[in-house]
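Please have the sequence and the structure open while reading.

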Amino acid sequence: GSQVNMSVLLETSLGDMVFDLHTDLAPKTCLNFLKLCQKKYYHNCLFHSVEKEFIAQTGDPTNTGQGGQSVFGLDKGPEHRFFEDEIHDNVKHKNIGILAMVNKGANTNGSQFYVTLRGDLDFLDGKYTIFGEIAEGEEVLERMNAAYCDKQNRPYRNIRIKHTHILDDPFDDLPRIKKEDQDDLEHVEPASPGPVRDDRPEADDEIVEEDDMTVAEAERATQASEAKSRAVVLEMIGDIPDAEMKPAENVLFVAKLNPLTQDADLDIIFGRFGPCTTNIIRDQKTGDSLNYAFIEFETQEASEAAYEKMNNVIIDDRRIKVDFSQSAHKQWRQFSLGRRENQINKRREMAKDMQSNGALSGPSSQVVGGNDYQREVTNKWAGTPGNSIKDFTASAESKLGGFRDRKEGTGR
């Protein structure tokens, strides 16, 4: 076996692990790992791939499995991103908790590493640089091995390296380690910043046992349920058209326009992303621009492309702001027109029933309502065989109690 010269503690979402490093057999690899730990490079890195009864991979700040570079690349430039293997026959993947470098072929070591989740993985021997093994915290690996993962082997609950601590470093003067880094070892390392949350819960989130949900998940579910209930009530009393109503995803909101900018100008500028219709909002009395507009595209893809390219662009000496519209005016308009049409249809059915029963000798605005609809029903009634009533006129409308005929200017 190799002489152990250094220990590093990894704080993770599932608990703490201590690893002894093989500085005598893999000095460059251990130096790389140590200095990356000192630079806080691994803080908040996900265990982006956990394969049950095999290995758990981490060490990629991009959390994709495709990123990361060695400390030599950080110090000297991208051409030094990778460094050579340090493989020896006397260290093997025989136990749980073996620490080794991830590579994409010979001599392509960067920052990513893996920990074995079981022993006897001898088919990995001779291919990857082993530079340490677990000294404390095997139960953490057992919890990790039990994690539920998706088809890409990423855990459904994020498991992260939260902090790294160097516990044992007997070397007085490690090569390539700057003096300020040596000084850092004499002080308490600062707390690691909190991770940037994504769409998955964290493995160390508090669990609501009866629902098998984290507290954050439970709060979000409760808020969504309450919002849905309020929306349903508003729909029932007629305050909103639909409880599931959402803003259109193909409409952009453009603000901070120059008052001189016209609809045609925006049509030309935004039209390069796809066919669109521009509506600059204007004062109803003066017709002056209110300096904002809505632009509707035929496709959602076109609106997304326009948003990415046009936000903060200068048009007519004004730096515009572009965002996705949150207006539901179009849905409201369709809802209002639909509701009005339903009312008219019901009144038409009522007028028809009254005519068939002899209760109505002619059309009435009190039944149908509205000048245009009254004129339509009356002309249909007058054209029925057996009825000799004259064509509908403004004077006839006035006798029937209709509305003013704006076209002829005749009042009732």
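Is Tyr42 buried or exposed? In this predicted model, Tyr42 is buried, with a relative accessible area of 1%. The protein chain has 412 residues, of which 41% count as buried, and its secondary structure comprises ten helices and 16 strands.

**Aromatic pairs**
- The count of aromatic pairs comes to twelve, and one of them joins Tyr42 and Phe113, which is edge-to-face because the ring centres are 5.3 Å apart and the planes stand at 85 degrees, over the 60 that this class requires.
- Tyr42 lies in the loop between helix H1 (27–38) and strand E3 (49–50), while Phe113 belongs to strand E6 (residues 113–116), so the pair ties together parts that are 71 residues apart in sequence.
- Phe113 is buried too, with a relative accessible area of 0%, and ring pairs link Phe33, Tyr41, Tyr42, Phe113 and Phe131 into a cluster.

**Around Phe72**
- Phe72 and Phe83 form an edge-to-face aromatic pair, with 5.6 Å from centre to centre and 80 degrees between the planes.
- Phe72 lies in helix H2 (residues 71–76) and Phe83 in the loop between H2 and strand E5 (98–101), so this pair ties together parts that are eleven residues apart in sequence.
- Both Phe72 and Phe83 are buried, and Lys28 lies over the face of Phe72, at 5.0 Å from the ring centre.

**Salt bridges**
- The whole structure holds six salt bridges, including one between Glu84 and Lys28, whose closest N and O atoms are 3.3 Å apart.
- That pair links distant parts of the chain, with Glu84 in the loop between H2 and E5 and Lys28 in helix H1, 56 residues apart; Glu84 is partly exposed at a relative accessible area of 39%, and Lys28 counts as partly exposed at 26%.
- Asp75 forms a salt bridge with Lys35, the closest N and O atoms being 2.8 Å apart, and the two residues, in helix H2 and helix H1 respectively, are 40 residues apart.
- Asp75 counts as partly exposed at 37% relative accessibility, whereas Lys35 is buried at 3%.
- Arg160 and Glu202 meet through their side chains in a salt bridge of 2.8 Å, N to O; Arg160 is buried with a relative accessible area of 4%, and Glu202 is buried with 3%.
- Salt bridges that share partners join Lys35, Lys39 and Asp75 into one network.

How values were computed. Residues numbered from 1 in each chain as written. Predicted model: local features only at pLDDT ≥ 70, side-chain atom pairs only at ≥ 80, totals over all residues. Heavy atoms only, no water. Phe/Tyr/Trp six-rings, centres within 6.5 Å; stacked < 30°, edge-to-face > 60°. Helix = DSSP H or I, 4+ residues; strand = E, 2+ residues; numbered from the N terminus. Buried < 20%, exposed > 50% of the residue type's maximum accessible area, 1.4 Å probe, protein only. Lys NZ or Arg CZ within 6 Å of the ring centre and 35° of its normal. Salt bridge = Lys/Arg side-chain N within 4 Å of Asp/Glu carboxyl O.
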